[in-house]
Amino acid sequence: MPSFKPFSLTNIIIASTLIMFAVQNSIQYGGLLLGMNMYFLAYGFWWQPLSSMFTHGGFLHIAMNMFVLYQFGNLIEHYLGKKQLFILYFAGGILTSLISFGYLYLFEPSVNLVGASGAICVLLGFIALFDTTQRKGIIVWILLISFAPLALGMPIAWYAHIIGFGIGWLFGVLKRA
């Protein structure tokens, strides 16, 4: 497991996410203003593809996401550096938000997409391509976090997980080339 470095990019992202979660919960309609939803098109809320990565549906949601980000973000940062983590997390996360929004637009226009899960799944897809010993476990994990909550009736953006994983895998393929 990577050692704790207080000024790692991963820990800065985690701290920023916690701060934004506090902001989201301290302003009226914070989740709707910062999450990814139809306001993006209707009112030009251009920040939503990024801000939705910092917005969460509750304490357990943010706690689980930040735990997984801590593990895998620090791993990528340790082996590939801050720049690679930054590109994967933010470019991959924004791309995941935009493609997920396309899905929402077509199939679930009333949904407000929140959470870092899509960006985190980009990291998992990237790692799964390169780490063949962990690949099956990561794929099973993605499927579990995507579909088990649905089976329990919980609202979850399963498509963002799958899209993020695919984008991470694609980023890995491009890095290999």
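Begin with the largest pocket, which holds about 640 Å³ of space. The model is a predicted one, in which local features need pLDDT of at least 70 and side-chain atom pairs count only at pLDDT 80 or more, while totals for chains, interfaces and linings use all residues. Residues are numbered from 1 along each chain as its sequence is written, and side-chain values use heavy atoms, with hydrogens and water left out.

**The largest pocket**

Select His61, Val114, Pro155, Ile156 and Ala157, which lie nearest the centre of this pocket among the 29 residues that line it. Then colour α5 (59-80), α6, α7 (117-130), α8 (135-151) and α9 (158-176), the elements that give two or more residues to the lining. Helices here are DSSP runs of H or I with at least four residues, and strands are runs of E with at least two, numbered from the N terminus. A pocket is found on a 1 Å grid over the protein atoms alone, as an open set of points where a 1.4 Å probe fits, with protein on both sides within 12 Å along at least five of seven lines, and lining residues have an atom within 4 Å of a point. Its volume is the space filled by probe spheres set on the points, which are joined across faces, edges and corners.

What kinds of residue make up the lining of the largest pocket? There are 17 nonpolar, 11 polar and one charged, where Ala, Val, Leu, Ile, Met, Phe, Trp, Tyr, Cys and Pro count as nonpolar, Asp, Glu, Lys and Arg as charged, and the others, Gly among them, as polar.

**The second largest pocket**

Next, select Leu75, Ile76, Tyr79, Leu80, Phe126, Ile127, Phe130, Asp131 and Lys175, which line the second largest pocket, whose volume is about 190 Å³. The largest share of this lining, four residues, comes from α5, and the lining as a whole divides into seven nonpolar, no polar and two charged residues.

**A threonine in helix α1**

Leaving aside neighbours within four places in sequence, Thr17 is in contact (heavy atoms within 4.5 Å) with Met53, Phe54, His56, Ile62 and Met66.

**Aromatic rings**

Now display the aromatic side chains, among which the structure holds 17 aromatic pairs. Rings of Phe, Tyr and Trp (its six-membered ring) pair if their centres lie within 6.5 Å, and planes under 30 degrees apart count as stacked, over 60 as edge-to-face and the rest as tilted. Tyr39 and Tyr43 form an edge-to-face pair, with 5.3 Å centre to centre and 65° between the planes; Tyr39 is partly exposed at 29% relative accessibility, and Tyr43 is exposed at 58%. Ring pairs link Tyr39, Tyr43, Phe45, Trp46 and Trp47 into a cluster.

**A tyrosine in a loop**

Finish at Tyr29, in the loop between α1 (9-26) and α2 (30-34). Tyr29 has a positive phi of about 60° although it is not a glycine. Most residues other than glycine have a negative phi.

Key. Buried < 20%, exposed > 50% of the residue type's maximum accessible area, 1.4 Å probe, protein only.
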